[in-house]
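Subject: Structure for you to look at

Hello,

Here is the structure we talked about, with the sequence alongside. My notes on it follow below.

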Amino acid sequence: MKKLTILMIGVLSMSNLFAQDITDALRFSQDNIQGSARFRALSGAFGALGGDMSAVSLNPAGSAIFNRSHASLSLSSLNIDNDVSFFNGRNSSSDSKIDLHQAGGVFVFANTSENSSWKKFVISIAYDKTANHDDQWFANGRNTNSIDNYFLAYAEGLRLDEISRFTGETISEAYSEIGSSFGYGNQQAYFGYESFILEPVNDIDNNTSYNSNIAQGTFNQQYDYIARGYNGKVSFNAATQYKDRLYLGVNLNAHFINYDKSTFLRETNSNPGSLVTNVGFENNLLTTGNGFSFQFGAILKLTKALRAGFTYNSPTWFRINEETTQSLSTFVDDINGSFTTNVNPNTINIFPEYRLRSPGKISGSLAYVFGEKGLLSFDYSRRDYSNMKFKPENETLFRSQNEIISNTFKAANTYRFGGEYKFKQFSFRGGYRFEESPYEDDSFVGDLTGYSVGLGYNFGNTRLDLTFDQAERTVNNSLYSVGLTDAATIDTVNSNLTLSLAFNL
């Protein structure tokens, strides 16, 4: 059994080690409450309504709408369909899972004093999954850009003796020593040199220029992407009702991240002059983290039927940890014969903890309630993604990443519409949502559009709800952040079937 080495890459090499890029900052900054079936049926347009556990996670004043203690839990079946195009290649993939994604309870304490204007006090606790990272897709096509550019981008300007093995060193020992002494970038250059993809212009220690043993031409490329994990939050809520018109609430939120990504690139070529004709490059990333945020919310009854809601979401302050593993194999064919290299350090890179501040959000809502017959609701929210920040900001790399963020992202608006009609014990629901791209150039990530339909049945103290919702978005996913930056275009359709059980306590 091979020994697995654990490598702690120190802060001194921070300028070369960053394993993630701005797309990962966006991934952990987006907050899309999965929610109960009733919440999803109205496409999340619940900011001025309340009376639902997921609505409490959206607007903390919503718990004060409850007249009795209440609990709910939700189960969903998620299906992800991807249509992928990469140059002349077209592929489709599908992935599905069943998940318990929402649970919570609210406890209502009525004020028995008839002289007080404060009618009730409410506390609640709720768990909501805020993002699902499960995804997998496969891209293949014929490209004129090779993976050698990835390794060349890291190697240029680095000394040969800082990206190569000493006599007697194993692959694992060299990879670990280079990582701890010089950082992640030197490790990538080491992969290129050790696998014979790179050739130094001069075979001396202070050489800093490199050529590729992969000749120019066309390249058959296959790229596998598999991701697992989710973002979630637990909300601790307190709310109150003032007279019959005003509801106020606050949430304290504990956030957590669990994200596991694996990619594998296979590249082949038959270009004249190529010494390396086959490359297999595997990368694995494990990200865990936790964070904190808070929310203030209010719901005001403007008239007996018309309600307005407002919510302020603070930024979320995350602490994030990362681990990476890598391996590279090549097939080399030169005048001395053919052979295969396998550069597999069996080493886990553990990076120093860093901090990420996601942007805050403001939301405004209106709802019109037609007595016991039904309702119409509208929500608007705005979040400025250019305010995402990596910290500590005095680190050179984080400072440059933050500058890229401020120039790449923008404020994005979200619009949600929902309606419900009640007939006897049945409720018929529908909704629509539109989310703008967070990018200045929306060719990277397009706008999201979605719709929802749902049905509910009220047994008295118990309610059973079923909802189907679907959302579509187009994303251009770059294979790597440097060198081989060509993107696979992914048209994604997320479909959910959600079942919720809610009951009064």
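Predicted model: local features only at pLDDT ≥ 70, side-chain atom pairs only at ≥ 80, totals over all residues.

Residues are numbered from 1 along each chain as its sequence is written, and side-chain values use heavy atoms, with hydrogens and water left out.

Helices (H or I, at least four residues) and strands (E, at least two) are DSSP runs, numbered from the N terminus. Buried means under 20% relative accessible area, exposed over 50%, and partly exposed in between, with a 1.4 Å probe and protein chains only. By that rule 6 of the 8 residues of H5 are buried, so H5 is largely enclosed by the rest of the structure. The buried ones are Asp148, Tyr150, Phe151, Leu152, Tyr154 and Ala155. Their cover includes H7, strand E6 (198-200), strand E7 (210-212), strand E10 (276-301) and strand E12 (317-334), where contact means heavy atoms within 4.5 Å.

**The nonpolar cores**

A nonpolar core here is a set of buried Ala, Val, Leu, Ile, Met, Phe, Trp, Tyr and Cys residues joined through side-chain atoms within 4.5 Å. The largest one has 61 residues, and Ile147, Phe151 and Tyr480 have the most contacts inside it. Helix H5 (residues 148-155) supplies the largest share of this core, 5 residues. A separate core of 12 residues lies apart from it, with Ile33, Ala41, Phe46 and Ala48 among its members.

Which residues does Tyr480 touch, not counting those up to four places away in sequence? They are Ile147, Tyr150, Tyr223, Leu265, Phe281, Asn283 and Thr485.

**Helix packing**

Axes are lines fitted to C-alpha atoms, for helices over the stretch in contact, and angles run from 0 to 180 degrees between N-to-C directions. Angles under 35 degrees count as roughly parallel, over 145 as roughly antiparallel, 65 to 115 as roughly perpendicular, and the rest as oblique.

The axes of H5 and helix H7 (residues 184-194) come within 8 Å and cross at roughly 130°. H5 and H7 are therefore oblique to each other. Their crossing is left-handed; that term applies if the near helix is turned anticlockwise from the far one by less than a right angle, and right-handed applies if clockwise. On the H5 side the contact is made by Tyr150, Phe151, Tyr154 and Ala155, and on the H7 side by Tyr184, Gly185, Gln188, Ala189, Phe191 and Gly192. Sorted by class, this contact has 7 nonpolar, 3 polar and no charged residues. Ala, Val, Leu, Ile, Met, Phe, Trp, Tyr, Cys and Pro count as nonpolar, Asp, Glu, Lys and Arg as charged, and the others, Gly among them, as polar.

H7 also packs against helix H6 (residues 171-182): the two axes come within 9 Å and cross at roughly 150°. That makes H6 roughly antiparallel to H7. This crossing is right-handed. Ile171, Ala174, Tyr175, Ile178, Gly179 and Phe182 of H6 meet Asn186, Gln187, Tyr190, Phe191 and Glu194 of H7. The classes here are 7 nonpolar, 3 polar and 1 charged.

**Backbone points to check**

Most residues other than glycine have a negative phi, and most peptide bonds are trans. Ser43 is not a glycine, yet has a positive phi of about 55°. Ser43 sits in the loop between helix H3 (37-41) and helix H4 (53-58), and is buried, with a relative accessible area of 6%. Asn346 likewise has a positive phi, near 50°. Asn346 lies in the loop between strand E13 (337-343) and strand E14 (347-350) and counts as partly exposed at 21% relative accessibility. The peptide bond from Lys391 to Pro392 is cis, with omega near 10°; Pro392 is in the loop between strand E18 (389-391) and helix H8 (396-408).

**The chain overall**

The chain has 8 helices and 23 strands. Its C-alpha trace spans about 95 × 45 × 45 Å along the principal axes. Of the 505 residues, 52% are buried.

Regards
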